Amino acid sequence: MHKSRHFAFLVSFFAAVVALGTSFNGAWAQQNGLGIAAVVNDDVISALDLHTRTTMVMVTSNMENAPEARARVMPQVLRGLIDEKLMLQEARRVEISVNQGDIDAGLKRIADSNNITVAQLTEQMKEIGVPITTLTSRIEAEIAWQIFVGRTLSRTIKIGEEEINDEIKRIQASAGKPEYLLAEIFLPVNSPDQTAEVQQLALRLLQQIKEGAPFNALATNFSRAPSAAMSGDMGWVQASHLDSELLSVVSRMQPGNVTTPIRTLGGYYILLLRDVRNSPGLGSGDATMKLTQLHLQAGPDGDLNRVASRLQSLTAGMTSCAQMDAIGTQAGSPLSGSLGEVKLSVLPNNMRTVLEPLPVGKPSAPVATGGGLAVMMICDRQNQGLDMDAVRAKITERLTIERLDITAQRHLRDLRRDAFVEIRL
């Protein structure tokens with residue numbers, strides 16, 4: 001379904017909280033280490049399990065590891081632990097087990113994403129009083145659930161040709177309209193009596209973001225959306241794919257801004273708007289282009305406006321790459337000249353946006369690159385037709401993943417409803 005979750009450990013935070021974490025853990029463990037936090041069907045979540053998971057969440061989210069803050073976070077952490085027990089129980093029911101090799105690979109991915117070794121990760125967790133098993137138990141539950149969803153629930157997902165055709169029409173109709181690069185934190189409200197508690201947690205997380213806590217770490221630790229596996233990253237989302245409550249807020253935002261908690265039917269959302277663009281629709285296929293450019297470095301004062309004005313003056317009226325190459329030679333710019341043949345699809349977004357609609361033989365608008373600005377020109381273009389078989393396959397894959405995510409969430413909700421859960425805190 002998804003790649004294993006990259007638990008976004010922020011290594012720079014560990015040293016700052018070692019003293020606090022160690023002293024608090026020792027006193028707490030003496031008093032509560034043998035207690036039971038919850039019973040989930042036939043499994044037990046110990047008070048120590050809850051304590052160490054809460055410590056891990058607080059540290060990796062850059063939250064103050066103080067008793068009052070922990071008390072506010074613990075109910076959400078406990079719900080996560082209960083869900084993990086339900087996931088493992090459901091996997092065991094159909095005889096799914098996770099081998100040690102997969103768990104070790106998950107640990108290595110986490111360590112690699114933080115440029116440390118597994119041994120270093122283990123030692124840093126030990127320094128704050130959290131055993132590595134606190135992390136491996138989470139990895140095991142996630143892998144077991146992914147296998148269960150892929151092996152069992154995926155059989156129920158069927159994407160028909162009519163659905164694919166409707167999606168193609170919808171994408172075509174969205175061409176030129178805004179779409180949003182978003183990240184999310186979703187906090188579900190599973191019963192009315194949780195509303196106030198979840199709202200307070202959402203407000204607390206928003207305050208943490210304002211105080212500098214990384215959005216991706218909070219999404220990984222607290223969000224219950226499938227995107228938590230990618231640190232909350234939703235990718236590019238077309239307006240038609242957003243609930244009306246979310247769209248009404250996002251459409252008025254500027255990139256880099258974070259929403260206040262938004263109440264929807266299922267719970268509370270906090271969204272980070274990373275960028276906005278006009279939807280390309282289905283596109284028009286790839287293109288192979290021969291490119292040349294006239295590049296000028298930014299001066300010591302870094303004034304790019306002056307560089308842009310000079311480039312526009314030098315290239316005004318140009319109609320051929322030979323003209324541009326000649327000006328580049330006269331200017332003595334080492335980055336000017338032919339770029340050879342390049343596929344449009346491999347270029348950075350800022351260049352692709354400029355070049356996709358550009359006719360052959362016409363100077364582009366200035367583009368930031370190489371420590372300055374460049375005006376580019378397409379010398380020749382060979383368009384490749386849109387591969388509709390590939391488009392349909394990609395749409396089928398995306399719709400399948402979306403449907404499977406919804407099915408998995410509903411199945412987990414049903415497991416919660418039918419489970420015997422006793423909270424003993």
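Predicted model: local features only at pLDDT ≥ 70, side-chain atom pairs only at ≥ 80, totals over all residues.

Trainee: Why is Thr259 called buried?

Mentor: Buried means under 20% relative accessible area, exposed over 50%, and partly exposed in between (1.4 Å probe, protein chains only). Thr259 has 3% relative accessibility, so it counts as buried. Its place is in the loop between helix H10 (244-250) and strand S5 (262-263); helices (H or I, at least four residues) and strands (E, at least two) are DSSP runs, numbered from the N terminus.

Trainee: What makes Leu246 buried, and where is Leu246 found?

Mentor: Leu246 counts as buried because its relative accessibility is 5%. Leu246 is found in helix H10.

Trainee: Why is Lys210 called exposed?

Mentor: The relative accessibility of Lys210 is 62%, and therefore Lys210 counts as exposed. Lys210 belongs to helix H8 (residues 195-210). Between the C-alpha atoms of Lys210 and Val258, 48 residues apart along the chain, the separation is 9.0 Å.

Trainee: Why does Val421 count as partly exposed?

Mentor: Val421 has 33% relative accessibility, so it counts as partly exposed. Val421 lies in strand S11.

Trainee: Which residues make the nonpolar surface patch of about 280 Å²?

Mentor: That patch is made by Val421, Ile423 and Leu425. Patches take residues with over 30% relative accessible area and no salt bridge; like charges are joined within 9 Å, and nonpolar side chains (Val, Leu, Ile, Met, Phe, Trp, Tyr) within 5 Å. A salt bridge is a side-chain nitrogen of Lys or Arg within 4 Å of a carboxyl oxygen of Asp or Glu.

Trainee: Which residues lie nearest the centre of the second largest pocket?

Mentor: Of its 17 lining residues, Arg79, Ile82, Gln194, Val421 and Ile423 lie nearest the centre. A pocket is an open set of points on a 1 Å grid where a 1.4 Å probe fits, with protein on both sides within 12 Å along at least five of seven lines; lining residues have an atom within 4 Å of a point.

Trainee: Which element gives the largest share of that lining?

Mentor: H3 does, with 7 residues.

Technical notes:
Residues numbered from 1 in each chain as written. Heavy atoms only, no water. Areas by Shrake-Rupley, 256 points an atom, 1.4 Å probe, with all protein chains shown as cover.
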